[in-house]
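Please consult the sequence and the structure while reading.

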Amino acid sequence: MKTTDLRVSRAVTAVAAGRPVLLRDDVAEDADGYLVFAADAATSQLLSFTIRHTSGYVRVALPGAECERLNLPPMCHGDDSFCVSVDARGVGTGISARDRAHTIAALGSASSQPADFLRPGHVVPVQAGADGVLGRPAPAEAAVDLAYLAGRRPAAALCEIVSRRNPVLMARGAELVEFAVQHRLPVVSVSELVAFRRRTEPQVVRLTETVIPTWAGDSRVIGFRNSHGGGEHLAVIIGAVDAGVPVPLHIHVECLTGDVFGSGACRCGGELRGALSRMSVQGGGMVLYLRPSGTPRACGLFDGGAARGDFTSATVSWMLRDLGVYAIRLSEDMPGFGLVLFGAIRQSGIRSPQPDATWAAVG
């Protein structure tokens, strides 16, 4: 098992058992550390430990659907992340560890109703994005993902850990590691959760398939959509492709100016046309044409749609899996990509025998 997967597994196991974990926000520049635990596992002892070692500003991350179900509107106009603070009905002042544990557990309960809470209170619900860390790699989304992966209700408490060396600051770097070792807490980062989910959850869905006559020959075209983010992609298979027979593979990120208008400001259009020409001459091949969501890439005009390497490799890996690809042979001059991309693809179990040509075996 990969080291990063092992860290995620240990954190998920701890959350499933009702124990806290240390979450590192390594995606942000400040890289704070958070104590995180499942909301439905909240106890007075767990809250007491959290309050003692953190800022005390305890939040509960919830999916948007849960915030709507419990009538938890945004606290501020224009910002729907922080919701109106609450106390569970029947608690004392609401500020004690016991009272806040009761409120947090109620927010994580499937049986709770809007009328079960007083507003305002001492616990702040935070709305997490529907796609978790794959939609927004942030602590709230990571906390909900940990609870969900642990088989618990998708609700989790989180709070920043305070530095013991300088209590006016947050703990960071080596101090977070020391804290985790001292209290025997599993450590996991936001980026590790992102990588884990991309490796273990299908990142594309096959939508449609047809045959289109092109100048390179009749092509079998299969349409995909990203499971998160909305990007749409094509697998174009030219000529006859038999199971187990290697065929040339070209991976291309859409470039509006190069692909459509033949712009000379970039190599994109030429690389795509060259790949199609070779496949036409050779009698077969496959192109993965990637169209990330958002602003389209257009070299020389704007590059807002250029795909991130980690996102691209996950998309390509899952498209190849769906197509039955089990082996690739790399080219050192793979247009627009390189060994970094294919190194990530190999982590998915797709073999690359030797770096002298680009091939794919399609089943």
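Leu146 in this predicted model is in contact with Ala11, Val12, Val15, Val21, Val36, Val188 and Leu193, leaving aside its neighbours within four places in sequence. Leu146 is also among the residues with the most contacts inside the largest nonpolar core, together with Val21, Leu23, Val36, Val188 and Leu193. That core comprises 30 residues. Two or more residues come from each of α1 (3-16), β1 (21-24), β2 (33-38), β7 (117-128), α5 (139-149), β8 (156-160) and α7 (190-200). The greatest contribution, six residues, is that of α5. A second, separate core has 25 residues, including Leu46, Val60, Ala101 and Cys159. In soluble globular proteins, nonpolar side chains tend to be buried together.

The helix α5 is largely enclosed by the rest of the structure, because nine of its eleven residues are buried. The buried residues are Pro139, Ala140, Glu141, Ala142, Ala143, Val144, Asp145, Leu146 and Ala147. Just after α5, Gly151 adopts a positive phi of about 80°.

Two other contributors to the core, α1 and α7, pack against each other at an angle of about 100°, and their axes lie 10 Å apart. Since angles of 65 to 115 degrees count as roughly perpendicular, α1 is therefore roughly perpendicular to α7. On the α1 side, the contact is made by Thr4, Asp5, Arg7 and Val8, and on the α7 side by Glu192, Leu193, Phe196 and Arg199. By class, this contact of α1 with α7 contains three nonpolar, one polar and four charged residues.

Key
Residues numbered from 1 in each chain as written. Predicted model: local features only at pLDDT ≥ 70, side-chain atom pairs only at ≥ 80, totals over all residues. Heavy atoms only, no water. Core = buried A, V, L, I, M, F, W, Y, C linked by side-chain atoms within 4.5 Å. Buried < 20%, exposed > 50% of the residue type's maximum accessible area, 1.4 Å probe, protein only. Helix = DSSP H or I, 4+ residues; strand = E, 2+ residues; numbered from the N terminus. Contact = heavy atoms within 4.5 Å. Axes fitted to C-alpha atoms, helices over the stretch in contact; angles between N-to-C directions. Parallel < 35°, antiparallel > 145°, perpendicular 65-115°, else oblique. Nonpolar A, V, L, I, M, F, W, Y, C, P; charged D, E, K, R; others polar.
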